[in-house]
Amino acid sequence: MLSKKNLQLNDNGDLHHLLAIEGLPKRIIERILDTAESFVGINEREVKVVPLLRGKSIFNIFFENSTRTRTTFEIAAKRLSADVVSLDVQRSSTNKGETILDTIANLTAMHADMFVVRHSESGAPYLIAQHAAPHVHVVNAGDGRHEHPTQGLLDVFTIRRYKKDFTRLTVAIVGDVLHSRVARSQIHALTTLGVPEVRVIGPRTLLPADIERLGVRVFTSLEEGLKGVDVVTMLRLQNERMTGALLPSASEYFSRYGLTPQKLALAKPDAIVLHPGPMNRGVEIDSAVADGSQSVILPQVTYGIAIRMAVMAILAGATR
Amino acid sequence: MKIAIRKGRVIDPASKFDAVADVFVAAGKIVAIGEPPSDWASKKEINADGCIVAPGLVDLAVHVKRGTLTTEIAAASAGGVTSMVCSPDTDPVLDEPGLVDMLRLRAQSFHSTHLYPLGALTKALAGVQLAELSKLALAGCIGFAQADRPIVDTQVLLRAMQYAATFDFSVWLQPEDVHLANNGVAHEGEVASRLGLAGIPSSAEIIALSTHLELARVTGVRLHVCRVSTAEGVGLIRAAKLGGVKVTADVAINHLHLIDLDIGHFDSNYRLSPPLRTSRDRDALRAGVIDGTIDAIVSDHTPRPEDAKQLPFGEAAPGATGLETLLSLTLRFAESAKLSLTEALGRITHHAANAAGLRAGHIAVDAVADLCVFDPGAYRLITKAGLKSAGKNSPFLGYELPGVVRATITAGHIAFEAAA
């Protein structure tokens, strides 16, 4: 059997690429969270810039559109004083002949130091990392249904800010787990940090096969699954899921799995509600919950910048 | 040309002959085993001391495109393969007699392998209208297949089998329900769920195979099941054989060695069709080969250009190159499964030929001289540079495998000889 090397770590065990939470040691996750903590302060200052990555070139390569994620990576890079270029590489243009690897080779020739990659196919950032020049770092900004590691990190960062001790928490992830890279990253982050019970809640059509093997408890009833939880993560349900046989309608989905104040009352009184955004109000979440006192959805967005700054700074070796 | 192969251990799975003997070849046939014919004068002597002299390999699953025939025939010879059955999904597909003639004539011009085409069962493999099976059979097609294109309409499938049964043509089908397979790229299970890859459930194979076997029973057609991949599939074939259905089956050698976990970090060389499944499935496939439920082991040779594999897993073309590793991987399988060399070689020679209705894979006086001489104790490293195939897409790159082919003889002609 060939060795299946962990591409993310270099020979010293330091982070070289951020491709997935799965396989990341706890010490690295904690270091990212601690570093992000120091950047939260910077983001609250009037002058929100530090010179850690001055002279570094970061390319955001988005093979799949995402204005929000791309923007947070751009802001994070700029606050670290990096030169940042964002490219929306439409799938059609790559289909015209230039392959992903051609694109990467061209950008490497422009002396890129880091690629932030979003792609609709699971594993695309691995392909890029395998072919990148040795000094170039790759950050996965979401690949297909696989992982969205910076989202998973900002989720656990948010949870840590409100809940402190991971080893006493019960966390529920609700909705379209099947198509969700956010769910996969969050599950791995939580289990690595020692959360004793991670639940996934959804109809069987939206739960991946053998998902229990990732160390989660499976619930098909929202009411059952929410009982006594400390944290609820609602997943986005995309409209195209309604067209096939996965679900009958948005309103039926909401009646079963939509988070309303009544359903949230089944969780612990101090439970917090996360959502990776963008939200579909009235589909997976009621506005009264989204805008309510238990919602930490907007702080997640704020912390997302600190997390992305921390990841970039650590990868570039700017923090010790 | 008169060839004498000296001092090799001759193994013929068909007759269970296994002894050190000299083999004498003349005018394309084996003329003597043991003592030379009277007045023998060799044109060529092959020293097979320490080697095994086996029938040339019969590979029931080879995908060739027109432009790559030269390299792929060279790959076959280097791998000890002397007979190959070609899938009809060439470009254009083999649904007209003229195209079959052209392919066979081109292959014959190399004098180094017997190429047996499968014709398209339906026009353009579209699964709608029957192809001209009788005309295609006259042109040399040995059976009829759909490659990886399904016949969605079960009525069409029934008619195709009835019509083929009328003339005793065999029908070769890879069982996969197109709706259940949907856009899947990996076995539906823990690995696909972790990697976020769309899954192909085992039920996609089980349901299609159940349909195929029932229609084969009803029509009495000779059905060859291509590339079984699930434990349940092996069970269905075993039961159908016991129930008197005229069914034979093959498995890709990759599936006897690899499982979905081997995909690792999205290695596209492990994207295969059918997908690699679980260790439970692999063990059942191995048991199916050992008890004879599965008649043949095939390479499922699918060479792909580098850029068809240098893509994210789900976008990469499925398939692996395999002609040059079939023998070595079969030897390795025999070793780990404690299967005798005679039995293991039978699955890539005599039993495979029988399943396809070919007169091949047999060492005997007066038989066609298709032979493979290999050193079972020698090992070689699988590298891209070492492969003659245009496809370098092997899941076994970097493996050290047993069995090195020293010479391949096809119809008495030296198709391949390793440099001394």
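## Where the chains meet

Between chain A and chain B there are two salt bridges, a salt bridge being a Lys or Arg side-chain nitrogen within 4 Å of an Asp or Glu carboxyl oxygen. One pairs the side chains of R213(A) and E190(B), with N to O at 3.3 Å. On the side of chain A that touches chain B, the elements giving two or more residues are α4 (100-109), α5 (124-131) and α7. Of these, α5(A) gives the most, with five residues. Helices here are DSSP runs of H or I with at least four residues, strands are E runs of at least two, and both are numbered from the N terminus.

This is a predicted model, so to speak plainly about cut-offs: local features need pLDDT of at least 70, side-chain atom pairs count only at pLDDT 80 or more, and totals for chains, interfaces and linings use all residues. Residues are numbered from 1 along each chain as its sequence is written, chains are lettered from A and ligands numbered from 1 in the order written, and side-chain values use heavy atoms, leaving out hydrogens and water.

In contact terms (heavy atoms within 4.5 Å), 27 residues of chain A meet 23 of chain B. About 2,200 Å² is buried between the two chains, 54% of it from carbon and sulfur atoms; that is the accessible area (1.4 Å probe) lost on putting the two parts together, summed over both.

H188(A) sits in helix α7 (residues 181-192) of chain A. Its relative accessibility is 6%, so H188(A) counts as buried; buried means under 20% relative accessible area, exposed over 50%, and partly exposed in between (1.4 Å probe, protein chains only). Leaving aside residues up to four places away in sequence, H188(A) touches I21(A), E22(A), E147(A), L214(A) and R194(B).

A network of salt bridges links E22(A), R213(A), E190(B) and R194(B).

## Salt bridges within chain B

Over all chains, the salt bridge count is 37. One of them joins D300(B) to R227(B), with the closest N and O atoms 3.6 Å apart. D300(B) is in the loop between β16 (296-298) and α11 (306-309), and R227(B) is in the loop between β14 (222-225) and α8 (231-242), so the pair ties together parts 73 residues apart in sequence. Both ends are buried: D300(B) at 8% relative accessibility and R227(B) at 6%.

R406(B) and D375(B) form another, at 3.2 Å between the closest N and O atoms. R406(B) belongs to strand β18 (residues 400-410) and D375(B) to strand β17 (residues 371-381).
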